[in-house]
Amino acid sequence: MSPEARRRALGRQARLWFSRLWPPLGFGALVLGGWEAGARWGGLDPMILPAPGEIIEQLRAGFGSGIYQAHLGVTLLQAMFGFVIAILAGVGVGALISASPLVERTLNPFLIAFEAMPKIAMAPLVIVWFGYGIWSKVVLAAAIAFFPVLVSTILGLRACDPGRLDVLHSLGASRAQVFRLVRLPSALPFIFSGINVAVVFVLLGSIVGEFIGARAGLGTLILAANENLETARVFSILGLLAALGMLLHFGVTALRHRLLFWAGPQGGPPTA
Amino acid sequence: MIAPDAPRAQPEGLHRPHDTSPLIAVRELSKVYPTAKGERVQALSRISLDIAQGEFVSLVGPSGCGKTTVLRILAGLIADYTGNVSVSGKALHGPSREVGVVFQDANLMPWRTALANVLLPAEVLGLNRQAARARAQELLAMVGLEGFERKLPGELSGGMRQRVAIARALIHDPAVLLLDEPFGALDAMTRDTMNVELAAIAARSKKTVFLITHSIAEAVFLSDRVLVMSSRPGRIVEVIPVQLPKPRGLDIIADPHFAATVLRIRRLLDGDAASGLPSIAH
């Protein structure tokens, strides 16, 4: 490629990025600008809606003192433990259910009842059972995130292409071989759609658990700041949680990219 | 109407007499499917056939005549049938290592490279890894896919995927290669090429081949014998030997005996109302 052509290609790339980015960037700048102006000159009550500059100041102060890192670490740890447990349990129970009609018939009514119940309502009980430490939050996060993984696993294992199964069966493959070599990899694109939901749910479970009873975590920080009417601090932690949630989502997307290099960027499995 | 001017083949029985015992022997094979309404559909009715070592035999018939059921029984995918089926003298009850199967769809695992797909049966059967790897590479070269070992199925064309499936069916060195309309999903041009390749692969690997197809021209082009099936119930109505020298090129379509054989099978399938012109595709 000549330097001239490369420059033109780069220009095209930049224009494309610009055409994609200006609407959200412009919208964000407009909202933040109006918000800041309203807080400074419009008489907005800082206890209701503090200025963006004040929120950023709180972020800087929180990270400067090391308090935010410490509590962020606790919340993230709880969420990650819950995430791993939810995936292992969801895929494990899903595999059992799709492998055995008896297990499916036995567990189905209970699973449906448990799924229909708002898991958040268990939070006070879970605190009584597992205490104020991280494990009550881990359990709550795992309980909420378990179902999307379970459901997507069952759907994925059921959707397995019969042609692929014929190949294994014509070789006299064992059930374990069929599961490992065909069923589980075939189900992965489905399972990942459940994991995408689960990664948001574990953060939810962790924070709600901290609201009910905890010694540390971003949820406890929000409660404390709220009681002191430090609204800017509350906003700064909410911003932090949004960033954390996005980070986790990107982490899952990166993992999907690694494991599902053979599948399309989104949606169901391709046929081959 | 073109009169079949080729010498009419000797009327032959369903069991072709052979010096050695046949590699595949099917006797009085029947299969009944229960329907949702509780009725019973006779899919196959007392089918008998022999296939000798090294022979290329095709089974043609209209859609729904039960030819795929025959293949699935030979592949060990259907176990509840009546009658006797044996491969290499051993009664067949379930999948056999003596059999390699190519299905209508390539059915490759999209997360495995071409090479890893060919190696799948070796993994399932617990074959020696090094030996299987070397053989898989040879087979991929034989089906014309040298240099494509690391490609994923999504990066291959339909014809290439079916070549990988053929290599996969041969990795454990089975005595029999079963093919269920392997090129049905391919376009006509690719299909012709693949048929020439399949003839070469069958000759080179010296495998016994049993091909299910609804293309009469394909069956005549490839086979030593063509078994003609009728439907409801599925049974073999005639065995047509193809007396054309091998190896055959695509120009054999112009041979009068080819046309006559195709026409003869077409008449068997369609009755006397059949058009006199043999179509290439069917």
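This is a predicted model: local features need pLDDT of at least 70, side-chain atom pairs count only at pLDDT 80 or more; totals for chains, interfaces and linings use all residues.

Strand S1 (residues 24–34) of chain B runs antiparallel to S2(B), and eight bridges join the two. Within this pairing, Ile24(B) has Ile51(B) in S2(B) as its bridge partner.

## Chain overview

Chain B contains seven helices and 10 strands. Of its 282 residues, 43% are buried. Among contacts in chain B with a separation of 6 or more, 70% are between residues 24 or more positions apart.

## Helix H5

Helix H5 (residues 188–205) of chain B comprises 18 residues; from first to last C-alpha it reaches 25 Å, close to the 26 Å expected at 1.5 Å a residue. The residues Met194(B), Asn195(B), Leu198(B), Ile201(B) and Ala202(B) of H5(B) are buried. They lie on the same side of H5(B) because they cover an arc of only 130° around the axis. In an α-helix there are 3.6 residues a turn, so residues three or four places apart point the same way.

The exposed residues Met189(B) and Arg204(B) are carried on the face of H5(B) turned away from its buried side. Cover for the buried residues of H5(B) includes strand S3 (56–60), helix H3 (129–142), helix H4 (158–170), strand S8 (208–213) and helix H6 (216–222) of chain B. After H5(B) comes Lys206(B), which has a positive phi near 55°.

Note on methods:
Residues are numbered from 1 along each chain as its sequence is written. Chains are lettered from A and ligands numbered from 1 in the order in which they are written. Helices (H or I, at least four residues) and strands (E, at least two) are DSSP runs, numbered from the N terminus. A residue is buried if 20 or more other C-beta atoms lie within 10 Å of its own, exposed if 12 or fewer, and partly exposed in between; C-beta atoms are placed from the backbone. Two residues are in contact if their C-beta atoms, placed from the backbone, lie within 7 Å. Two strands pair if DSSP finds at least two bridges between them. The expected span of a helix is 1.5 Å times one less than its number of residues. The arc is that of the directions from the helix axis to the C-beta atoms.
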